Amino acid sequence: MGSQRNGFHKERFILSVDVGTTSTRCHVYDKEATVRGSCTTKIVLQYPEVGHVEIDPDKLWQGFVSVVKGAVQDAGIQMHQVDALGISTQRSTFITWDRTTGVPFHNFITWQDQRAASLVKSWNKSCTLKAVHGVMKVAHFLTRQKRLLAASLIVFSTQHVTFRLVWVLTHYKQVAQAVAEGNCCFGTIDTWLLYKLTKGRVFATDYSNASATGVFDSYQMCWSSFLCALVSLPFSVFPKVLDTGCDFGATDPSIFGVSLPIKSVMADQQAAMFGECCYDVGDVKITMGTGTFMDINTGCKPHTSMAGLYPIVGWKIGSEVVYLAEGNSADTGTAIKWAQELDLFSDVQDTSSMAYSVSDSDGVCFVPSFSGLQAPFNDPKACASLMGLKPSTTKCHLVRAILESVAFRNKQLFETIVRETHLPIAKIRVDGGVSSNDFVMQLTADLLGKKVLRPHKYEMSCLGAAFVAGLEAGFWKTREELKRLHCTDKVFSPRDLKSSQGESPTSEYSTVLQSWDRAIQRSMNWYNKA
């Protein structure tokens, strides 16, 4: 892949690493944002007990170092040609370690981990939380401060760090002892990597990662002293919060042979938003991978949601703070993978043509809720279900019903975002593996009544971290330049062709959507008596 042309070794590059749930990948980008070299390694999840999901920190670190070296080798360049390093990471996966020795007290506890489920359930039902809700509602009525309204709506989740960290402090004596001695560090993956890359000189995170932990006050832009006091979390363990694009220090020369400037640290969904060039208020990004994450740029103010949207910091660069409102559906790629394991199809690339091979799903409805239903239903007790099966039902009907459910959930999230934010939608961009499915994309465009733009590259988190690092390093000068580098693979426009009955595609689906809504209602609260 490397070039031998004259002047090649004078070329400069940006390195970007994305640490996801299942893999760590590194790309080398040139001035045209073209990937010149890549390397990927798998992340092995460990399941030491039922409900526990962990990652070995040493193996994660080794994987990180290996993909950086591998990508540079694949590009055929030298490490000294790298202007800056950007890092994107999965959110809310954390670790604690000894401040003096740097040795971890335990493995990474991932965002999927359920060890704190009983704690979360008891707190959400507690008189303490009900009292907090009541007091904050009164305070909001008197002051009209939105942050007080947000506090009156707070509901804890296992996906957030809060109660997994409470669990650690309760069950690991060495952690509690280190806290008492002022010798404990807490960090999400980005913080741990920064600490390792700089040999302990930098103990920090950025605003996008901090805002996704559930322990951060996005209105005050600081760790929440109120929440820490409420659930007894020690304030001393948390890292300093820095801008998303800034000087995070440099890698120790012993790691890569040279010192690489670290110029961006971002949470993965926010990085994907930046990579999609969704810089303006009303821009929407839909990432469809294992789950679906739909984010809208709400500008300089966080959105206070009544329907389960989560206000997060998109990025803070200099004086600019951009907020996002986020809704998610947990089971997108999960549902498609499940169908594949049932042998409904062998190659996921066949699913679009299978769906198009039949005129409809023959009345079959699929509810994609293996992990409950998120916004706007917010029902963790909902079950996944297939309804309307008949002797005439074929594999193609089942596949179509599953793909339709992905687009239907996109419609629900989109309508929730529009209804709650009251923002005019500027543009909609998609990424993630499931976005390669033309059937899902076209149906999404039809149901949303908006153009949906799919980029040439699907790995937007890596690109977003690279863009921020490149801007900070002066590799790229302006966001307008980045917009020109962003390549659209395909635009899906809402079909305005009429059916044989004179119906538009949206009204054509009205009966199907009504049936699907009934299926959702029957699936909700299914496990309540379990």
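**Entry 1: a surface patch.** I am working with a predicted model. I began on the surface, where Val138, Phe141 and Leu142 form a nonpolar patch with about 360 Å² of accessible area together. I then picked out phenylalanine 141, which sits in helix H3 (residues 127-143). Its relative accessible area is 59%, so I noted phenylalanine 141 as exposed.

**Entry 2: the whole protein.** I listed 19 helices and 22 strands. Along the principal axes, the C-alpha atoms fill a box of roughly 70 × 70 × 45 Å. Buried residues come to 58% of the 530. I also looked at contacts between residues at least 6 apart in sequence, and 72% of these join residues at least 24 apart. The accessible surface is about 22,000 Å², with 53% of it belonging to carbon and sulfur atoms.

Entry 3: Next I turned to strand S16 (residues 310-317), where seven of the eight residues are buried. S16 runs antiparallel to strand S17 (residues 320-329), and seven bridges join the two. Across the pair, valine 313 stands opposite tyrosine 323. The two strands form a hairpin with two residues between them, and I noted a positive phi of about 65° at glycine 318 in the turn.

**Entry 4: salt bridges.** How many salt bridges does a search of the whole structure find? I got 21, and I followed up a few.

Aspartate 252 meets arginine 201 at 3.5 Å, N to O. Aspartate 252 lies in the loop between strand S12 and helix H10, and arginine 201 in the loop between helix H7 and strand S9, so the pair ties together parts that are 51 residues apart in sequence. Aspartate 252 is buried at 15% relative accessible area, whereas arginine 201 is exposed at 54%.

Lysine 427 and aspartate 283 meet at 2.9 Å, N to O. Each lies in a loop, and the pair ties together parts that are 144 residues apart in sequence. I found both residues buried.

For arginine 495 and aspartate 446, the closest N and O atoms are 2.7 Å apart. Arginine 495 is in the loop between strand S22 and helix H18, and aspartate 446 is in helix H15, so this pair ties together parts 49 residues apart in sequence. Arginine 495 is partly exposed at 41%, while aspartate 446 is buried at 3%.

I finished with a network of salt bridges that links Asp438, Arg454, Asp489 and Lys490.

Notes
Residues are numbered from 1 along each chain as its sequence is written. This is a predicted model: local features need pLDDT of at least 70, side-chain atom pairs count only at pLDDT 80 or more; totals for chains, interfaces and linings use all residues. Side-chain values use heavy atoms; hydrogens and water are left out. Patches are made of residues with over 30% relative accessible area and no salt bridge: like charges are joined within 9 Å, nonpolar side chains (Val, Leu, Ile, Met, Phe, Trp, Tyr) within 5 Å. Accessible areas come from the Shrake-Rupley method with a 1.4 Å probe; for residues, only the protein chains shown count as cover. A salt bridge is a side-chain nitrogen of Lys or Arg within 4 Å of a carboxyl oxygen of Asp or Glu. Helices (H or I, at least four residues) and strands (E, at least two) are DSSP runs, numbered from the N terminus. Buried means under 20% relative accessible area, exposed over 50%, partly exposed in between (1.4 Å probe, protein chains only). Contact means heavy atoms within 4.5 Å. Two strands pair if DSSP finds at least two bridges between them.
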